[in-house]
Amino acid sequence: MVFPLLFWSMWTSYTYFDGYRQSARNLKAAYAIADILSREKNEVNAQYITTMYDLQKFMIADRSAVSMRVSFVRWDQPDERHYVLWSCERGENYEELTDATVLDYKDRIPVMADNATMILVETTDHYTRPFKIGFGDNEFSIEKFIFTQPRGYHQIAEAPAGC
């Protein structure tokens, strides 16, 4: 009677550990992409964003569907709102961020000075548990939202052609 409970607890422990490991990989990949973009001195183009997407897939290192959206926003103090300077998405989960849809992110983006800019990196990894443990969904999305400011370089402010 204890033997099945022992196996169930081992499978459950492994499943939770694997889920947290995958979540940490997704978070590290999102932070790495945001940091690379914030330090970029050269022009950012569509191929550059595709390379960042490939880096995300490599860092997450599983065979599930991953998605990414990189956006560059500016805060306008007189209007008290964010404006999207450009947005690029890769994968199936995201659509281009627009001036209308960025309003939904007002509470998630930190306070900014007038005309300050911010890089937003959003990632999604569709995760499937290795074992069915009897409760919760066996498939779900791990979503991360990272923001960072450019580090003094202004090449990123130009919209990438072909996003």
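## Sheet

Tyr127 sits across from Phe140 of strand S4. S4 (139-148) pairs with S3 in antiparallel fashion, through 10 bridges; strands count as paired when DSSP finds at least two bridges between them. Helices (H or I, at least four residues) and strands (E, at least two) are DSSP runs numbered from the N terminus.

Zooming out, there's an open sheet of 4 strands, ordered S2-S1-S3-S4 with antiparallel pairing. S2 and S4 are at the edges with a single partner strand each, so one side of each has no neighbour in the sheet. From one strand to the next, the twist averages 20°.

## Model notes

This is a predicted model, where local features need pLDDT of at least 70, side-chain atom pairs count only at pLDDT 80 or more, and totals for chains, interfaces and linings use all residues. Residues are numbered from 1 along each chain as its sequence is written, and side-chain values use heavy atoms, leaving out hydrogens and water.

## Helices on the sheet

H1 lies across S1, S3 and S4, at about 155° to S3. Angles run from 0 to 180 degrees between N-to-C directions, with axes fitted to C-alpha atoms, for helices over the stretch in contact. H2 packs on the sheet too, touching S1, S2 and S3, and makes about 130° with S1.

Beyond four places in sequence, Leu37 contacts (heavy atoms within 4.5 Å) Val44, Tyr48, Val70, Ile119, Val121 and Ile156.
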